[in-house]
Amino acid sequence: MGRTGYTCIRHVFCSLNVLIWLCACGMLGAGLWMRLNYPYEHGYGTLVPQYPYASSDIVVLAIGCLTFLVAFFGCCGAWFQSRCLLITYFSLVILVFLAEFMLGSLAFIFKDQVGITMKEQLYNGIQEHYSDENVHESGTFANFWDYIQSTFQCCGVDKYNDWYNIKAWPREERVPDSCCRVRERYCGKQYENDDRQLNWYQDGCSAAIQMWLVQRLHFVGSVGLAIGFVQLFGLIASMILFCTVRHKRSTHTYKSYDTTTT
């Protein structure tokens, strides 16, 4: 490869990884901010409090750490022309690609079971972990459900009676106030000979969330294609740089040996 082509690939590869590295730093900062400023028992912004590692702050921190590590190896490998760092970067990208492919394939194959399991976990979450004491505090489990029900105009997982007799209000057939079409204080409570159920959303949130995701599949697909393109470019560029660096060093070694023997 000509020197100009090699230099161009090296600079583009290094610049791209610097940009990704900066994004990773931003993700780490956001994750730490959520973790330190909202130190709730079940984590920040989660619908499955029985799995604390699935909270938004932990997910952001994990993705940020992985992205930081991969971009660091790529940037340093290109800048210092290190074969060891380049092959490490290549291996990490391959592992990430395989993990994405396996998770996507498993989710597609077992999509029905995944949906059933998710519904069960959501139902268990509102039964065991919901509390209306901190519903107005950002990032809490109750606040997350309040936002979802108000935004998607839904109530419960499958139906509003999912909220009946939960741990937060045993022996009470009531719902959170966010289930009300016309929202006012205590509109989720039902009294004798009261028809407040007519003011509650009748559809469950699982169907509404699934429809929202289906309507945005084109966006998800576009993001997936962009990530795939970056990964493919990184794999090709890292191999080109690795092979070129090895060729340059072997040629330099050969010339030095030839000059010495001469």
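Good morning. The buried residues of helix α6 pack against α4 and α5; here, buried means under 20% relative accessible area, with exposed over 50% and partly exposed in between, for a 1.4 Å probe and protein chains only. Contact means heavy atoms within 4.5 Å, and helices (H or I, at least four residues) and strands (E, at least two) are DSSP runs numbered from the N terminus.

Please bear in mind that this is a predicted model, in which local features need pLDDT of at least 70 and side-chain atom pairs count only at pLDDT 80 or more, while totals for chains, interfaces and linings use all residues. Residues are numbered from 1 along each chain as its sequence is written, and side-chain values use heavy atoms, with hydrogens and water left out.

Which residues of α6 are buried? They are C205, S206 and A208. They cover an arc of only 165 degrees around the axis, which puts them on the same side of α6; the arc is that of the directions from the helix axis to the C-beta atoms.

I turn now to α5, residues 141-152. Its 12 residues, at 1.5 Å a residue, should span 16 Å, and the end C-alpha atoms are 17 Å apart, which agrees. The expected span is 1.5 Å times one less than the number of residues. In α5, F141, A142, W145, D146, I148 and Q149 are buried. Because these residues cover an arc of only 165 degrees around the axis, they lie on the same side of α5. The buried residues of α5 pack against α4 (111-128) and α6 (205-215). After α5 comes Q153, whose phi is positive, near 50 degrees.

In the loop between α4 and α5 lies V135, which is buried, with a relative accessible area of 11%. Leaving aside residues up to four places away in sequence, V135 touches Y130, A142, N143 and D146. The C-alpha atoms of V135 and D146 are separated by 7.1 Å, although the two residues are 11 apart along the chain.

Finally, the aromatic residues. A search of the whole structure finds 10 aromatic pairs. Rings of Phe, Tyr and Trp (its six-membered ring) pair if their centres lie within 6.5 Å; planes under 30 degrees apart count as stacked, over 60 as edge-to-face and the rest as tilted. For Y160 and Y164, the ring centres are 6.1 Å apart and the planes at 55 degrees, so the pair is tilted. Y160 and W200 form an edge-to-face pair, 5.5 Å centre to centre with 70 degrees between the planes.
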